[in-house]
Amino acid sequence: MTVRTLEWVDDHIDVVDQTALPQWRRVALRTVDDVVDAIGRLVVRGAPALGVLGALGVALAARQHADGDLDAVRADADRIASARPTAVNLSHGVRAVLPAVERGPDAALAAARQLLEDDALACAALSRRGAALLRERVGPQPMVLATHCNAGALACVDWGTALGVVRALHGEGLVRMVLVGETRPLLQGARITATELVALDIPHRVIVDAAGPGLIATGAVDAVVVGADRVAANLDVVNKVGTYGLALASARAGIPFVVAAPESTLDPVAPDGVAVTVEERDGAEVLQFGGHRVAPAESTALNPAFDITPADLVTAIVTESRVLHRT
Ligand code: MRU
C-alpha cells in the first residue's frame, strides 16, 4: 500500500476519509476548523497520523495568518492540539512546527513536511525491529498474530506500526494468519485493518473483540502486536479500548504482547497510564449500530475510547531506535 494517508497538496491538506472505509474517499482540509473537525470525527485517526496532521494544521494556520499574526497562529495551534486528548503525537506534531512559524508560512510548511517524512521512516524502521523481535521470540515458523484497532499505514503516513510489523513478517513468509479485533464501537479493525490486509494479500480473519482473550487462552495465537496512543514514563501503554484484555490473556497464556510505536508516542511527562486523559466519546457510538438505535431509549452509555495496559503485562515496546522493557 503506497498511498499516503495525508499530504499537503497545493494550498490544503489532502487526507483519506477514514470514516468512509472500506470505501475510499479523499477529502480536502482547507481551514483550521476543517482540521479540528476531521480530528474530532476520526476522519484522520491513529496516533502518528494525528501527529502529522497537527503539524500540517499549524502550517495551514501560518498560511492563513500570513500577515504575521503569531498570536492567532498560536491560538489555532492550541485548538488543534486539544481536538483529542489521548494520543500525545498530536501535541508533539503541533509543537514541532510552532518554532518555524516565526520564520514564515513556507518555513512552517517545510517543518511539517519534514515531520511527515520522518514519521514514514520511523514507522518503517520500527516495523523491521518489531519483526526481528517476534522472529526471535516466536521462532522461524509462520505465526498466528492478533492485533486490535488499526495501527497500519492508514493510522500513520504510509507504512504502519503494529501492522507494519505484520507486513515486515509477511515479507519474510512468517505470517500464517492475522486475527483482527473488529474494534467496537467504530470498527477500525473490521473496516480499516482488514482493508489494509486485503490490499497486502495477508491472510486474516475478523473476530469480535470479546473473542480475542478466549482464543489466546486456547493456544490459537502465537503473539499479539498492537500500537499505542501514549506510552507513559513507567511504560504503561494507553491504546484502543480492548487492548488491556488482550494483554491480560497474553500474560496468562505466556505469549509475547508487543507494542509497536514511534518515539513520538512516548510521553516522559506522564508518570504512569493513570495520569493520561482517556478520551470519552459520545455514547451514541455505543447505543447505535449501523446508524440504528439498538439499546432502549432509556439507556445511556459509557464510552471510553482507550484503556491502560500496565507495563508489567507488556513484553516489549519497539520504537524506531530501541526496544523498551519494564525490567
Ligand atoms: O480512536 P483511534 O482510531 O484514533 O485509536 C487509534 C488507536 O488506538 C491505535 O491503536 C493507535 O493510535 C496506534 S496507531 C499506529
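These questions and answers cover backbone features, a helix packing and ring contacts in a predicted model.

Residues are numbered from 1 along each chain as its sequence is written, and side-chain values use heavy atoms, without hydrogens or water. Because the model is predicted, local features need pLDDT of at least 70 and side-chain atom pairs count only at pLDDT 80 or more, while totals for chains, interfaces and linings use all residues.

Biologist: Which residue is joined to Pro 22 by a cis peptide bond?
Modeller: Most peptide bonds are trans. Pro 22 lies in the loop between strand S2 (12-16) and strand S3 (26-29). Helices (H or I, at least four residues) and strands (E, at least two) are DSSP runs, numbered from the N terminus. Omega is about 15 degrees, and the partner in the cis bond is Leu 21.

Biologist: What is omega for the peptide bond from Arg 184 to Pro 185?
Modeller: Pro 185 sits in the loop between strand S5 (175-181) and helix H7 (188-200). The bond from Arg 184 is cis, with omega near 5 degrees.

Biologist: Is Cys 149 buried or exposed?
Modeller: Cys 149 is in the loop between strand S4 (143-147) and helix H6 (162-171). Its phi is positive, near 60 degrees. Buried means under 20% relative accessible area, exposed over 50%, partly exposed in between (1.4 Å probe, protein chains only). Cys 149 has 8% relative accessibility, so it counts as buried.

Biologist: What is the relative accessible area of Asp 201?
Modeller: Asp 201 has a positive phi of about 60 degrees, though it is not a glycine. Its place is the loop between H7 and strand S6 (204-207). Asp 201 is exposed, because its relative accessible area is 64%.

Biologist: At what angle do the axes of H5 and H6 cross?
Modeller: Two packed helices are described by the angle between their axes and the distance between the axes. Axes are lines fitted to C-alpha atoms, for helices over the stretch in contact, and angles run from 0 to 180 degrees between N-to-C directions. The axes of helix H5 (residues 105-138) and H6 come within 8 Å, and they cross at roughly 65 degrees.

Biologist: How many nonpolar residues make the contact of H5 with H6?
Modeller: Contact means heavy atoms within 4.5 Å. H5 contributes Leu 126, Ser 127, Gly 130, Ala 131 and Leu 134, and H6 contributes Gly 164, Val 165, Ala 168 and Leu 169. Ala, Val, Leu, Ile, Met, Phe, Trp, Tyr, Cys and Pro count as nonpolar, Asp, Glu, Lys and Arg as charged, and the others, Gly among them, as polar. By class there are no charged residues, 3 polar and, as asked, 6 nonpolar.

Biologist: Why is H6 described as largely enclosed?
Modeller: Its buried residues include Ala 162, Leu 163 and Val 166. They pack against H5, S4, S5, H7, strand S7 (223-226) and strand S10 (257-260). H6 is largely enclosed by the rest of the structure because its buried residues number 8 of the 10.

Biologist: Which ring lies under the charged end of Arg 167?
Modeller: A charge sits over a ring if NZ of Lys or CZ of Arg is within 6 Å of the ring centre and within 35 degrees of the ring normal. Arg 167 is one of the buried residues of H6. Its charged end is 3.8 Å from the centre of the ring of Trp 159.

Biologist: How far is Lys 240 from the ring centre of Phe 306?
Modeller: Lys 240 lies over the face of Phe 306. The distance to the ring centre is 4.4 Å.
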